[in-house]
Structure formats: C-alpha cells, structure tokens
Amino acid sequence: MEKKVRVCSKCGHVVNKYTYFCPLCGAETEEQAEGTTVLRETKTAVLEEKGEPAKERPMADKGQTSSPQRRKGARLLASVLLGIVLLAFAAPFLSLLFNREVPAAKSGDELQPDEETAAVQTQEPESTKEEPESESDTRILEDDRYECIVEDITWDGAFDACVEKGGHLVRIDSPEKYWEIARLLEEEGKTDIKFWIGAARKDLDWTYYWVYENRVYGEEVENAGVDEGGYWMEGQPSFFNEEDGTSESRVLMFYDGERGQWVWDDVPSDILYIIKHYAGSIGYICEYKENHIAAP
C-alpha cells in the first residue's frame, strides 16, 4: 500500500497528518505520495539557499497552538493598552500638579518671572465701564481719556472747567493724538462744532505753546500749515484780526469741509463777542489721565 504524508500545497513543508495549515506559510496542506513530498522538500531547500526562506505565519488550524510571534504580539498589545489606561487615570493628577496656583507674593517681595506669569494668568478681566449719564451734551469718549463738551464758553472758561474736573484742556502734542481725537470727534458726529484746545500765546509773544494746569507754558506748538504737514489752517496763525486789529491768542480746532481735515485757527478768547453766529457751535475737549472718568 502506497504511504501517504501531509505536506504544504504551497511550500512543500512536511507536517503531521493532523495539521491542515502550514506553520511556515499558512497555506493549506494536503495528502500526497511520499515521493512527491521529497521533490517539494527539495524545492523548499533551494529557496532557502537563495536567501528566500519561507516566512513563518500563525497556524490557522483551530487545533494548533499560536506561534511565538503571535504570542509576542499579544503581549505587546496588552502592554500598550495597560499604558493607555494608566495614563488616563494619571492625567487629572498631572493637570493639578502643573496648573496649581502660585501663592501671592508677600508685601515687599518682588515677583519672580514664573510668579509674574502666574499672576497675569489669574487676573480677572476688567469690567467695561459705563458712560456716566448727563443731561448736557457731554460724552466720555471710548478710551476714557477725553471728554467732549459742547458749550458756548471762552477759552479761559474752558481751561478752568477742565482743571476743576481733574484734567486739563487737551494738548495735541503728537500726530498719533491728533488723528485719534479727529477720528473720535467724527465718530461722535461733531464735525459742526469748533473746539477749544490747550494752546495759547502771551500777548507780546509770537509763539504758541501748550499750556499746563497751573497755566505754565510748556512745549512749543508746531507752526507749520496743513500744506507743510502741520495742522494750522492755511494762512494761520495770524496773531491779530486784520479788520479791527483784535489780538488772537487762543486756538480753536474745527473741521474744514473743503480740505476734509481738522485744522487749527488762532482767535480771541471770547470768540462769540467777535463772531456772534458761532453761538451754539462752540465746545472744548478735556484730557484726563489714564482710566480717569470725569464727573457728569
């Protein structure tokens, strides 16, 4: 009787008679005559000599135990899952550890760099300040540094009023401040109002200065006209009224519609005595320190 053996149908590997899948390549096994098996074993040996050994794969036979590679992969997967679970449980404790609050610095102590950072992170946002209500045509502009008041008043009266409120008549001593005030006045729809600003000159002086709260004359006002990059109206300052020779020693800021720009003009302190139709269109701008809100 011809002897039968079970071999791999793909690589020719000889297996026992109860193995239905090859442990090397995973292909199905079949019964063959013993002589055929020898030829397939020879073919497998030739492949191995060429550096192409058959790759072991897990056995698909339900009756066989798993290969070493599968057992190793299972252990690796179990280790990864265990690590993920441990990390999930440890995450809240790590968060508390790295985000704990820094104790407040004691009086007289300087904050170290890390403490300064923590102090900034724990500061509460400042509440939005509401504009004070007032029956007059008075409004606190958006950054709480300037107050625009519409009132028929002289330059000297406007100067004293700002000082009483805790500020001073606005000093427009930089291009940034000029454009900021111009933008705010346009947003408020005040282009028809002529505003007193804190520039003046002495009666026998030909130079304008920014005036401080104690009426001390400070920095010189730029005397260039708008065509030369300044803010004076064309032909100004004139220092005196050409018609009657009245001294013009105070400065008004108003919107020149033809140029589409806010310009300065020197006029008498009591402008309404000279130009009566200006009544109802005179105002002044008070300037305060940062975060100051004027009383209504």
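Trainee: How many salt bridges does the structure hold?
Mentor: The model is a predicted one. Side chains of opposite charge can pair when their charged atoms come close. The count of salt bridges in this structure is twelve.

Trainee: Which parts of the chain does the salt bridge between Arg 250 and Asp 156 tie together?
Mentor: The closest N and O atoms of Arg 250 and Asp 156 are 3.7 Å apart. Arg 250 is buried, at 12% relative accessible area, whereas Asp 156 is partly exposed, at 23%. The two residues are 94 apart in sequence, so their pairing ties together strand β10, which holds Arg 250, and the element of Asp 156, helix α4.

Trainee: Which residues are linked with Lys 177 in a network of salt bridges?
Mentor: Lys 177 forms a salt bridge with Glu 287, with 2.8 Å between the closest N and O atoms. This pair links helix α5 with strand β12, 110 residues apart, and both residues are buried. The network joins Lys 177 with Arg 145, Asp 173, Glu 180 and Glu 287.

Trainee: Which element gives the most residues to the lining of the largest pocket?
Mentor: The largest pocket holds about 300 Å³ of space. Elements giving two or more residues to its lining are β10, β11 and α6. With three residues, the one that gives the most is β11.

Conventions. Residues numbered from 1 in each chain as written. Predicted model: local features only at pLDDT ≥ 70, side-chain atom pairs only at ≥ 80, totals over all residues. Heavy atoms only, no water. 1 Å grid on protein atoms, 1.4 Å probe; cavity = no way out; pocket = protein on both sides within 12 Å on 5 of 7 lines; lining within 4 Å. Points joined across faces, edges and corners; volume = space filled by probe spheres on them. Helix = DSSP H or I, 4+ residues; strand = E, 2+ residues; numbered from the N terminus. Salt bridge = Lys/Arg side-chain N within 4 Å of Asp/Glu carboxyl O. Buried < 20%, exposed > 50% of the residue type's maximum accessible area, 1.4 Å probe, protein only.
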